[in-house]
Amino acid sequence: MYYGEIKNCDIANGIGVRVSLFVSGCTNHCPHCFQPQTWDFCYGQPFTEETEQTLLEMLAPDYISGLTLLGGEPMEPENQRALLPFLRRVRERYPQKSIWCFTGFTYEQLHRPEEHCRCEATDALLEMLDVLVDGRYEEALHDIALLFRGSSNQRLIDLNATRSTGALTLWEP
């Protein structure tokens, strides 16, 4: 896996001060994507053990609320496979910190066996996440008043509540 950028002290992509990892590779190719350079699976730099260690160190301060995964597309199967062992390390070291993931795929697509985005890592990866921001950006539904998303079709899903109740539950600030 490659990544395009790492942001430390990010306040735009989830609650609190966060560390954000922008992975490379995306097959969605949404019109008006704000980072089309990240569609290339080899854009940026390789995601190495050194990269993981740097991210774990960035997550250490108490003022850091958690980790956010963006792209590109974190839920591309090849990215899921690379992210899963890393997220396990994050959860082990920082169980109190939240993990958010932004994806152009929907929650439902991630659960359908026939979908491109579903692979052997999907269920375990979703178990590591607290909030999933799902759905493609749609310019016709763009709304600057929305919290943590660009278009009104996108949802902020509280995965902890969804797992607890068995029903898809939207995240509320």
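Among the contacts in the protein chain with a separation of 6 or more, 64% are between residues 24 or more positions apart; a contact requires heavy atoms within 4.5 Å. The model is a predicted one, in which local features need pLDDT of at least 70 and side-chain atom pairs count only at pLDDT 80 or more, while totals for chains, interfaces and linings use all residues. Residues are numbered from 1 along each chain as its sequence is written, and side-chain values use heavy atoms, with hydrogens and water left out.

The protein chain contains 5 helices and 7 strands. Helices (H or I, at least four residues) and strands (E, at least two) are DSSP runs, numbered from the N terminus. Read from the N terminus, the order of elements is β-β-β-α-β-α-β-α-α-β-β-α.

## Dimensions, surface and charge

The radius of gyration of the protein chain is 15 Å, which agrees with the value near 16 Å that a compact globule of 173 residues would have. This radius is taken over C-alpha atoms, and the globule rule is 2.2 Å times the number of residues to the power 0.38. Along the principal axes, the C-alpha trace spans about 40 × 35 × 35 Å.

Of the 173 residues, 47% count as buried. Buried means under 20% relative accessible area, exposed means over 50%, and partly exposed lies in between (1.4 Å probe, protein chains only). The accessible surface comes to about 8,400 Å², and carbon and sulfur atoms hold 53% of this surface; areas come from the Shrake-Rupley method with a 1.4 Å probe, and for residues only the protein chains shown count as cover. The protein chain carries 14 positive and 25 negative charges, whose mean positions are 4 Å apart. Lys and Arg count as positive and Asp and Glu as negative, without His and the chain ends, and each charge is placed at NZ of Lys, CZ of Arg, CG of Asp or CD of Glu.

## The loop between strand 2 and strand 3

T38 lies in the loop that connects strand 2 (17-23) with strand 3 (45-46). T38 counts as buried because its relative accessible area is 1%. Beyond its neighbours within four places in sequence, T38 is in contact with V23, S24, G25, C26, Y43, G71 and G72. The T38 side chain also reaches the backbone oxygen of Q35 at 2.7 Å. This is a polar contact, that is, a pair of N or O atoms within 3.5 Å; within protein, one must be able to donate a hydrogen and the other to accept it, and residues adjacent in sequence count only if both atoms are side-chain atoms.

Q35 belongs to the loop between strand 2 and strand 3 and is buried, with 9% relative accessibility. A polar atom of the Q35 side chain lies 3.3 Å from the backbone oxygen of G71. Apart from residues up to four places away in sequence, Q35 touches E5, F22 and G71. H32 is likewise located in the loop between strand 2 and strand 3, but is exposed at 54% relative accessibility.

## Backbone geometry

Most residues other than glycine have a negative phi, and most peptide bonds are trans. The bond joining G71 and G72 is cis, with omega about 15°; G72 is situated in the loop between strand 4 (64-70) and helix 2. H32, which is not a glycine, has a positive phi near 65°.

F148 is not a glycine either, and its phi is positive at about 60°. F148 occupies the loop between strand 6 (131-134) and strand 7 (155-158), where its relative accessibility of 15% makes it buried.

P85 is part of helix 2 (residues 77-93) and is partly exposed, at 42% relative accessibility. The C-alpha atoms of P85 and A124 are 9.9 Å apart, although 39 residues separate the two along the chain.

T165 is located in helix 5 and is exposed, with a relative accessible area of 55%. The T165 side chain reaches the backbone oxygen of A167 at 3.1 Å. E172 follows in the segment after helix 5 (159-165) and is exposed, with a relative accessible area of 60%. From E172 to I157 the C-alpha distance is 8.8 Å, across 15 residues in sequence.
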